[in-house]
Amino acid sequence: LYTASGFIQPVSATGVSPFIDISTSYARNEIIDLYNKKIISGTSATSFSPTQSITRAEFVTMLDRLLGLEPVTSPVSPYSDVAEGAWYHGWIQAAVQLELTKGTSATTFAPTKAVTRQEAAVLLANALKQTSGTTSDQTVFKDGNQIATWARAAVAALDKLGLMKGDGIGHFRPTNPITRQETAVLIDRVLQNSSWAEELEAEPNERITIGWQYDQTTAEYESNILKSNVNTLSPRWYFVGGAGTVTNYMDTSLITWAKQNDKQIWAMVGNRSDQEATHQMLSTPTARNAVIDQLAAMVSKYELAGLNIDFENVAPDDRGYLTTFITQLAAELHTLHAILSFDVSPDLGSDWTEAYDYAALGKQVDYIVMMGYDEHYGESVNPGSVASLSYVQQSVNTLLQVVSSQKVILALPFYNRDWTLKQNGTVSSSDYITLTKQNQLIKAYSLKPIWNAALGQYIVSYSKLSMKHMIWVEDSRSLIAKYKLAVSKNLAGIAYWYIGGESSDIWTALSNAEKFYD
């Protein structure tokens, strides 16, 4: 009965009923209007079934369409009763990822179960972000004591907004199933509110979105960028040497392509993690000035929008030299009206980050890019997440103590690690994997991920050659959780390491997040 998009397509015209069974429905006009807006659909090509209870899958789908979201075909799902080929699979994934809904258990969603009126109130309150109330909120309904504790704030909020009303004699009927025609009226009331209607139609705020190039040809990189929402390209073009040399790997065809496709280029400048060479360059004025002159010349000659400095494994004793280098480079680039961004690792009190003077660097550059990953890395003794939500939160909060949020860009991983464990649970080895490879493993071993809300990630385990493996899954849901953090902290943008590492569902999911959170 459903097309690939889950929307039935009978022939109709505006004002003409597409269904044969709604002539006596009190919601006839609302049903027709919402059908024409492609928000609701029927139970068959010619029937709407107005008095029939609406299912959880149907209700969630209507909310997604109301919000302008797209279905997400993520291969990572904990729900055994939401088949990948089911018409509602992508709609449920989209809603779960944005925390509009959740399952009836850790492993089930119950897509065909009828939605009660109090459940409908919670779902709609989530969609409209009316979730600031408390369970002690009072309602005027005579049967208010029958409303579940978890639904009271939502019911009270929607009652005050005039969206959900009683039955005419003061009862809310919280546990009664809500019908399809009641749902149509409910959705229509949202659209009758001009402020909500305008907000639903508004374009999301545009943030800086950086996509780093790595392990791809220019053609491959361009192809992947076109599938993304990236607006700032960062190809790995320049590498500095100890004697003040700059090795140049630039491809000028990307500059032409970027202009044609309305993209900026912040070319990456690396140090190959060579601590000795970096010290030599930073501590020698002539070498330092030579690097600055060469980089400024490249920016000027090729009209680059800016540079992205990625110096890693810098010696702690070079902290002052690094700040001096960045101060001088920023002054040169700003005379060219170019942007300078600088990548930093989370401050964990180790020598790895001692060279980064967050406060001093933040005063000089236009943007500090917080690389919110490598919480656990190849040499880690214990397995764990590459970028748990709590780790990213701590990293961002530490940086925000000394750098304005409008200067901070959060970098997220398009990679993961497949950990092989010893019998005592410590790391035997780990494989660096793309998100596509991760998803292939989940499918190959028929793994059932379990969501860990504290970490903002699914966790899976499996056995191979009698060895236990674990993956702290990085997928569209976990990335959205971290994207939401960036929005809540009013950060300037997001960056992704690296383009080509993502799975095919990622950009649809992140576009949904942009629409809903921004």
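The briefing below takes the helix pair and then the salt bridges.

This is a predicted model, in which local features need pLDDT of at least 70 and side-chain atom pairs count only at pLDDT 80 or more, while totals for chains, interfaces and linings use all residues. Residues are numbered from 1 along each chain as its sequence is written, and side-chain values use heavy atoms, with hydrogens and water left out.

**Helix α1 against helix α6**

- Helix α1 (residues 28–36) and helix α6 (residues 180–192) have axes that come within 9 Å and cross at roughly 65°, where helices are DSSP runs of H or I with at least four residues, numbered from the N terminus, and axes are lines fitted to C-alpha atoms over the stretch in contact, with angles running from 0 to 180 degrees between N-to-C directions.
- That angle makes α1 roughly perpendicular to α6, a class that covers 65 to 115 degrees.
- The crossing of the two helices is left-handed, meaning that the near helix is turned anticlockwise from the far one by less than a right angle.
- On the α1 side E30, I31, D33 and L34 take part in the contact, and they meet A184, V185, I187, D188 and L191 of α6, contact being heavy atoms within 4.5 Å.
- The residues of this contact divide into 6 nonpolar, no polar and 3 charged, with Ala, Val, Leu, Ile, Met, Phe, Trp, Tyr, Cys and Pro counted as nonpolar, Asp, Glu, Lys and Arg as charged, and the others, Gly among them, as polar.

**Salt bridges**

- The count comes to 11 salt bridges, each defined as a side-chain nitrogen of Lys or Arg within 4 Å of a carboxyl oxygen of Asp or Glu.
- One of them joins the side chains of E99 and K484 at 2.8 Å, N to O; E99 lies in the loop between α3 (89–97) and α4 (117–127) and K484 in helix α16 (residues 476–488), so the pair ties together parts that are 385 residues apart in sequence.
- K484 counts as partly exposed at 34% relative accessibility, the class between buried (under 20% relative accessible area) and exposed (over 50%), computed with a 1.4 Å probe on protein chains only.
- The side chains of E303 and K259 also form a salt bridge, at 3.2 Å from N to O; E303 lies in the loop between α11 (285–302) and β6 (306–310) and K259 in helix α9 (residues 252–260), so this pair ties together parts that are 44 residues apart in sequence.
- E303 is exposed at 59% relative accessibility, and K259 is exposed at 52%.

**A salt-bridge network**

- R117, D167, R173 and E182 are linked in a network of salt bridges, and within it the side chains of D167 and R173 meet at 3.7 Å, N to O.
- D167 is partly exposed at 31% relative accessibility, and R173 is partly exposed at 25%.

Key:
Angles under 35 degrees count as roughly parallel, over 145 as roughly antiparallel, 65 to 115 as roughly perpendicular and the rest as oblique.
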